[in-house]
Amino acid sequence: MSFPIREYDCIVLGAGAAGLMCAAVAGQRGRRVALLDHGSLPGRKILISGGGRCNFTNIHCEPGRFLSANPHFAKSALALYTARHFIELVKKYNIPFHEKTLGQLFCDHSAHAILNLLLAECELGRVEHVYDAHGIEIEKDDKGFRINSAKGDFRSETVVVATGGLSIPKLGATGFGYDLARQFGLRIVEPRPALVPLLLGGSEAGWTQLAGVSTLVRASAPGTKTTFVEKMLATHRGLSGPAILQISSYWQPGKTIDLDLAPEANVLKLLLDGRRDAGTLLKALKEHFPVRMAEHLAKVAAPKGWSNLAIEVAERTLHHFAFHPTGTEGYPKAEVTAGGVDTADLQARTMEARHVPGLFFIGEVVDVTGHLGGFNFQWAWASAVAAGKAA
Ligand SMILES: Cc1cc2nc3c(=O)[nH]c(=O)nc-3n(C[C@H](O)[C@H](O)[C@H](O)COP(=O)(O)OP(=O)(O)OC[C@H]3O[C@@H](n4cnc5c(N)ncnc54)[C@H](O)[C@@H]3O)c2cc1C
């Protein structure tokens, strides 16, 4: 079947969080907008996010919550469209929500409410949706952009790339955005899985026997001052849970992660104050850790003797437990992709490519990656609004 070339002012590629928001904002400015996606449905990650309740923002959103080769880049967009702005939108649609923990806002019922909000905003902007648009190719000439796809050919003054990162390929993730950036001469900060469970092996494989056990830890990584006090969870293959997902974004292959297994606690005080034997050690550990973990630690972190010094060294070890991950669970399990389009090649206020007028990159495809807790959606909204006002 052949289609006539369709003309638009702005074409947005990718109907995820960032693409939907950007299309709505541009459309509501009076721009003729088409939103193209190779999938057959919009917002698939929104629907599975936050365990189906979408952690749509975080009230403590600030630039320090993001990783990027240029930590200053995100500041402008985040300041122009804040968590408060998105909360106002959520309230306008009467979507009930609550703070779960650490400023994380979730829908009371279902993430569908957030997708419906975005679709309604697109409707207000008369956005045209084009799904199953496979094989998208783009060329630029002096009249703008020509976009070819299995769903027909388009011309547009501007193109906004919101095709996300590589996380969760089964939900349609591709490296398309990176390829397109390279095609137009933009640089890429090497993508890597982030917010992802870590794998353990070798002498640390014993931890996988504790699968299902969780405890509060303080996680850090060498070379960064950022620490996270949240839960870790042992899995059949290594470590997960919020603290581990958070620190995974900072972990570098071949390096360690450092866990304080008992933040603020003096675990072995019982030994210093009283009997010094294996039974008391286990008792002390059980006071602070789940039983299986206490039993494991009694084997791998017991003091080497019962002197004060040996006990103090063992206590220090519990607070600086160095793990040597052998890898990550990779993109199939990574909540986001760190790295991406180099922000040095984008304008911070608009997300437009510095050397390709009319071409914009927003959301996860850009080298801006949030901590766990609603920050990635806030980046999607903020970068989308910045581009939607300019594209
Ligand atoms: C399981 C899970 C839970 C999450 N929970 C949260 C949460 O609660 N809070 C939070 O802040 N963040 C969460 N995230 C992260 C968040 O979902 C992403 O950061 C956010 O969706 C990024 O938005 P985006 O629009 O940039 O990309 P995406 O949402 O990934 O959208 C990209 C779109 O582009 C389309 N696309 C890709 N390639 C092509 C192509 N070649 N041609 C055409 N279209 C293409 C895709 O089909 C998709 O629709 C979660 C992620 C996962 C995987």
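This is a predicted model: local features need pLDDT of at least 70, side-chain atom pairs count only at pLDDT 80 or more; totals for chains, interfaces and linings use all residues.
Let's start with the ligand: 29 residues surround it, and the closest are Ala18, Asp37, Thr174, Glu364 and Phe377. Residues are numbered from 1 along each chain as its sequence is written, and side-chain values use heavy atoms, with hydrogens and water left out.

| Residue | Protein atom | Ligand atom | Distance |
|---|---|---|---|
| Ala17 | backbone N or O | oxygen | 3.2 Å |
| Gly50 | polar backbone atom | oxygen | 3.1 Å |
| Thr174 | polar side-chain atom | nitrogen | 2.7 Å |

The protein covers 92% of the 1,000 Å² of accessible area that the ligand has on its own, going by the Shrake-Rupley method with a 1.4 Å probe. By class, the shell around the ligand has eleven nonpolar, 13 polar and five charged residues. In this sorting, Ala, Val, Leu, Ile, Met, Phe, Trp, Tyr, Cys and Pro are nonpolar, Asp, Glu, Lys and Arg are charged, and the others, Gly among them, are polar. Helix 1 (17–28), helix 2 (44–48) and helix 12 (375–388) each put at least two residues into that shell; helices (H or I, at least four residues) and strands (E, at least two) are DSSP runs, numbered from the N terminus.

Now for the cavities. There are two of 30 Å³ or more. A cavity is a set of points on a 1 Å grid over the protein atoms alone where a 1.4 Å probe fits but cannot get out, and its lining residues have an atom within 4 Å of a point. Volume means the space filled by probe spheres set on the points, which are joined across faces, edges and corners. The largest cavity holds about 40 Å³, and its lining includes Pro63, Phe66 and Val368. That lining is made up of six nonpolar, two polar and no charged residues. The second largest cavity comes in at about 30 Å³, with Asp345 and Arg354 among its lining residues; the classes there are three nonpolar, two polar and two charged.

Last, the salt bridges (a side-chain nitrogen of Lys or Arg within 4 Å of a carboxyl oxygen of Asp or Glu): the whole structure has 13. One of them joins Glu264 and Arg218 at 3.2 Å, N to O. Glu264 sits in the loop between strand 16 (257–260) and helix 8 (269–273) and Arg218 in strand 13 (residues 214–220), so the pair ties together parts 46 residues apart in sequence.

Definitions and conventions: On a 1 Å grid over the protein atoms alone, a cavity is a set of points where a 1.4 Å probe fits but cannot get out, and a pocket is an open set with protein on both sides within 12 Å along at least five of seven lines; lining residues have an atom within 4 Å of a point. A residue is near a molecule or strand if one of its heavy atoms lies within 4 Å of it. A polar contact is a pair of N or O atoms within 3.5 Å; within protein, one must be able to donate a hydrogen and the other to accept it, and residues adjacent in sequence count only if both atoms are side-chain atoms.
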